[in-house]
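Work through the exercises below with the sequence and the 3D view at hand. Try each task before reading its solution.

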Amino acid sequence: MNRSVRRAIVVAAPFPLAWAGVVGVFTALADRLPDRLATHFGTSGQADGFTGPGAFLSVVTALFLIPGAVAAGLAAGSRTPLGERRAMVAVGYGTPAQLGCVLALLLLANAEAGTAGPEGVEFPLWRLAASCAVAVAVGWMGWLLAGLDTARPAGSADPESGPRLPLAEGELASWTRAVGSPVLLGTGGVTAVLGGALAFAAGPAAGLPLAVIGSAVALFSGCRVTVDRRGLTVTARFAPRPRLRVPLERIEGALSREVRAAELGGWGYRSAAGRSGLVLRSGEALSLRLATGREFVVTVDDAATAAALLNTLAERGRTTAPGGRN
């Protein structure tokens, strides 16, 4: 079995397993389930929405097998080791686990209603808490499994050998690029949709947290990197805050190099021994050597131009500063 197929199986496995678990519970309780299933609950925990068994199974199949197929396809076509996407894999494990647990408990609640009928079905919050505990446990399992698929981290280079961008005396210049992660955007979108579906099926308290988390992941799945006379500035692509800035006086040198997310322990803002940075993907990155001796990296296209401009601006700042070289 080649590596791509193994990755696809690891990433997609929780979706069909969760589907099979819900269908198995449905089959086991079929003779005790009412003709209409209580599938939506108000803030009091009382049922206020109902679905037929056939429609319920159709929704369950769509919720699990379609995202599972998408996840398998993305994993099979990616060359990035899962060890660099541990957070994404963990979410991909925890989300179907929680949803499957909620749906299984929902079926059990319908079966327990007995003669009270679907109108008498209750879904107390402790069941939602139980599903969250299951999600954490299964998500941790996904984190551990993803960590088994790693790549050898790339080495670093000496920023002093970085190029310069010629600027006339007094001439100003700036450089900016946007960078995003389609995987984080897709993961956030799918999580938000699943949260919305869960909120519709089991009430706002069950799905809104996932919807909010998914929306936040999608919102911050990209950033804008700017180099100018102030130094390096990184902002969220769709919001002015949060903002990260490295002033020129803190920069000893800059260069462009290849970065693997595993070097810093995964995606997002990361910090490791002697280095930190914002990693939204593996590949070309702007690498700064700071006055503290640490390295700061941010993955972005055309990093060589950004590094050349930073080197020029930082060198100009050192020569014009009090006590600097003239």
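**Exercise 1.** Which residues make a nonpolar surface patch of about 300 Å²?

Solution. The model is predicted: local features need pLDDT of at least 70, side-chain atom pairs count only at pLDDT 80 or more, and totals for chains, interfaces and linings use all residues. Residues are numbered from 1 along each chain as its sequence is written, and side-chain values use heavy atoms, with hydrogens and water left out.

Step 1. The patch is made by I66, V70 and L74. Patches are made of residues with over 30% relative accessible area and no salt bridge, with nonpolar side chains (Val, Leu, Ile, Met, Phe, Trp, Tyr) joined within 5 Å. A salt bridge is a side-chain nitrogen of Lys or Arg within 4 Å of a carboxyl oxygen of Asp or Glu. Accessible areas come from the Shrake-Rupley method with a 1.4 Å probe.

Step 2. L74 lies in helix α3, residues 53-77. Helices (H or I, at least four residues) and strands (E, at least two) are DSSP runs, numbered from the N terminus.

Step 3. L74 has a relative accessible area of 56%, so it is exposed. Exposed means over 50%, buried under 20%, and partly exposed in between (1.4 Å probe, protein chains only).

**Exercise 2.** Find the strands that pair with β11, and state whether β11 is buried or exposed.

Solution. Step 1. Strand β9 (residues 275-279) runs parallel to β11, with four bridges joining them. Strands pair if DSSP finds at least two bridges between them. In this pairing R275 is opposite E295.

Step 1. Strand β10 (residues 283-290) is antiparallel to β11 and joined to it by five bridges. Here R289 stands opposite E295. Four residues separate β10 and β11 in a hairpin, and G293 in the turn has a positive phi of about 95°.

Step 2. Five of the five residues of β11 (residues 295-299) are buried, so the strand is largely enclosed by the rest of the structure. E295, V297 and T299 are on one side, with F296 and V298 on the other.

**Exercise 3.** Which residues touch the most other members of the largest nonpolar core?

Solution. Step 1. A nonpolar core is a set of buried Ala, Val, Leu, Ile, Met, Phe, Trp, Tyr and Cys residues joined through side-chain atoms within 4.5 Å. Among its 34 residues, V225, V227, L232, L286, L288, V298 and L310 touch the most other members.

Step 1. Helix α8 gives the most to this core, with seven residues.

Step 2. L255 is in strand β7 and, at 5% relative accessibility, counts as buried.

Methods:
Patch = residues over 30% accessible without salt bridge, like charges linked within 9 Å, V, L, I, M, F, W, Y side chains within 5 Å.
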